[in-house]
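Please have the structure open in your viewer.

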Amino acid sequence: MKETAELVHIYLRSSKKFPHIWCAGCGIGIFMNALLRVIDRIGYSKDDVVLVSGIGCSGRLPVYVDFNTLHTTHGRALTFATGIKLAKPHLKVITVMGDGDAIAIGGNHLIHAARRNVEIASFVINNYVYGMTGGQYSPTTPHGVKTTSSPYGNPEHDFDICRVVEAAGAAFVARSTVYHTRLLDRLISKALKKKGFALVEVVSQCPTYSSRWLDLDSPVEMMKWQKENSITMEKARRISKEELTGKIVIGVLADREVQTYHERYQQVSEKLKV
Amino acid sequence: MRKLTQEQVLLQGNEACVKGALMAGCRFFAGYPITPATEVMEIMAQELPKAGGVFIQMEDEIASLGAVIGASLAGAKSMTATSGPGFSLMQEHIGFACMAEVPCVIVDVMRAGPSTGLPTQPSQADVMQARWGTHGDHPIIALAPASVYEFLELTIQAFNLSERYRTPVIILVDEVIAHLREGVILPALGDIEIEERPQPKVPPEWYLPYGDPGSGVPPMPPFGEGYRYHVTGLYHDVRGYPTTRIDEVEPLIRRLFSKISKDFERLQWFDSFHTDDATITVISYGCVARAAFQAVKEAREQGLKVGFIKLKILWPFMRRTITKILANSQKVLVPEMNIGQISREVKRVNKGECEVATLNKVDGTPITPPEILKMLEEMQP
């Protein structure tokens with residue numbers, strides 16, 4: 001495996017004005033590092049990789065890396081990615097979204113991308129909060145906690161990204177945290193290689209905002225929290241629903257073979273041309 | 001009823017639009033069903049796979065234009081078609097396409113609004129939405145066909161303008177023209193000029209995705225061919241990277257405008273009839289132009305000195321052409337199927353020497369020749 005310093009030289013844009021916009025201790029950088037590590041290991045040509053993002057802290061990721069990069073509108077990364085993949089199927093199309101981005105404003109696009117099964121490897125960095133706008137509750141923020149838009153406690157119930165996407169028919173669904181870096185690498189690799197729509201939920205920390213309601217005062221504490229609250233898929237299957245409350249279930253939730261939109265389209269197109 | 005000549009084929013407006021798009025090289029369509037635009041999508045679904053292109057039905061109109069922009073970035077000439085409610089949803093991505101300079105064509109078959117409105121009676125009430133619908137300052141190009149043939153022709157031109165200026169182009173057509181069937185002589189492919197987006201002549205390491213090569217339109221290589229660059233809806237520097245620097249922000253927005261405004265002279269597309277000696281001129285577009293033309297012909301037969309002009313481009317507004325009309329006529333009449341949208345523009349550019357009258361019909365039925373003729377008779381000095 002290449003050293004991080006070497007990866008930095010290969011994949012980060014030297015012409016870009018650093019430093020990046022993320023707060024110290026943010027988990028997005030850990031994910032970015034993992035993504036580049038895995039892309040390098042698989043050996044994709046940089047010319048063939050398209051990285052698409054939405055809006056929010058995660059939306060800023062593509063600008064730093066030396067691929068074909070596209071920073072779209074809030075919640076809509078998957079729609080742009082769909083157009084790119086169908087117009088140029090040989091490209092490796094990857095989307096990076098945040099929790100509010102992917103499942104609040106972009107929820108409709110997410111379930112239909114999963115159902116339609118265009119080959120896109122998508123990553124949702126879930127830090128349970130709208131970070132860039134100042135710490136409002138998102139669809140993954142736990143019920144009852146105080147945020148800047150729920151000063152009396154979150155009145156809503158949170159929603160399980162992976163189970164939604166699994167139910168919508170995605171070919172590959174998995175979850176890791178940024179603490180579990182080896183698992184994260186493995187899942188990113190599987191998602192990138194998957195023929196079909198793949199989604200990995202990446203549980204991450206927002207040391208600026210979600211730390212407040214977790215009552216954890218440092219990124220290190222937050223990552224320890226990820227470690228202590230995570231449970232593998234295998235273990236989760238053996239324990240009761242009550243015991244699972246508040247746990248982060250990590251591992252592969254679904255991995256199945258589904259014909260992609262493009263394969264089907266190609267078949268029809270070939271027949272029509274003859 | 002007129003018979004078709006041998007060379008003519010009978011086409012519906014929406015069908016002609018697809019023919020024009022395919023001739024122009026359109027190879028990607030994403031859309032969502034909505035009357036009265038759905039035929040464009042249905043025919044695209046049939047034809048694109050045969051032409052080696054891609055069709056996809058998306059989950060809504062926001063997604064449709066998102067996919068269209070994505071496909072265009074990957075190098076495919078791309079379009080979508082919708083009507084009022086869907087056009088409202090698309091405004092977000094029209095702004096993105098303006099800012100990121102991604103060529104694409106959007107057909108809006110106008111039906112009466114606001115909201116769900118009158119499905120699906122004709123209207124011309126989306127003219128100002130096409131101009132100002134997306135937030136922020138931005139230039140826009142909008143074309144308005146008045147016949148089935150023109151719908152075909154202007155669809156080709158919409159792609160050409162879109163590629164030439166790297167900007168979204170809107171086709172504002174009304175339900176009458178979209179659903180009208182007329183005999184059309186299809187242009188021979190060799191007779192049509194097809195434009196492609198400018199390509200870089202420098203190697204990737206020298207390429208500036210948002211630099212001004214002099215024309216105001218930066219070259220645009222497709223994703224995946226060695227030119228790895230960044231595209232964003234944020235204000236960006238010449239390399240495409242986000243910026244808030246005042247010396248980078250203003251030049252960008254100024255360039256977005258000037259790349260089109262420098263060519264205003266080239267963008268005066270109209271048909272006119274007896275405008276030279278007219279004391280009253282009718283300014284019209286879309287299906288209303290057909291009624292206006294008939295009314296003007298009848299008025300001439302009565303010996304009235306009236307003229308007619310049909311606008312094929314609504315945005316940018318053809319100030320040069322219209323000010324000439326205003327200078328030569330004593331009065332102009334702007335009949336429209338809205339409360340007064342293009343007439344506002346005519347009044348805006350009028351220096352006061354001409355009287356601007358309007359005829360506005362908003363009951364969901366087209367304006368007829370007798371209605372315009374009656375108005376012309378009343379306006380006689």
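This is a predicted model: local features need pLDDT of at least 70, side-chain atom pairs count only at pLDDT 80 or more; totals for chains, interfaces and linings use all residues.

Let me begin with chain A, where 51% of the 274 residues count as buried, a residue being buried if 20 or more other C-beta atoms, placed from the backbone, lie within 10 Å of its own. Residues are numbered from 1 along each chain as its sequence is written, and chains are lettered from A and ligands numbered from 1 in the order in which they are written.

Chain A has 12 helices and 10 strands, these being DSSP runs (helices H or I, at least four residues; strands E, at least two) numbered from the N terminus. Its C-alpha atoms fill a box of roughly 65 × 45 × 35 Å along the principal axes.

Turning to chain B, the domain assignment, which is automatic or taken from a database, gives domain 1 (8-191) and domain 2 (271-379). The centres of these two domains of chain B, taken over C-alpha atoms, are separated by 26 Å. Across the boundary, 24 residues of domain 1 of chain B are in contact with 21 residues of domain 2 of chain B, contact meaning that the C-beta atoms, placed from the backbone, lie within 7 Å. On the domain 1 side, the elements giving two or more residues include strand E6 (118-122) and helix H5 (127-132) of chain B, and H5(B) gives the most, with four residues.

Key. Two residues are in contact if their C-beta atoms, placed from the backbone, lie within 7 Å. A residue is buried if 20 or more other C-beta atoms lie within 10 Å of its own, exposed if 12 or fewer, and partly exposed in between; C-beta atoms are placed from the backbone.
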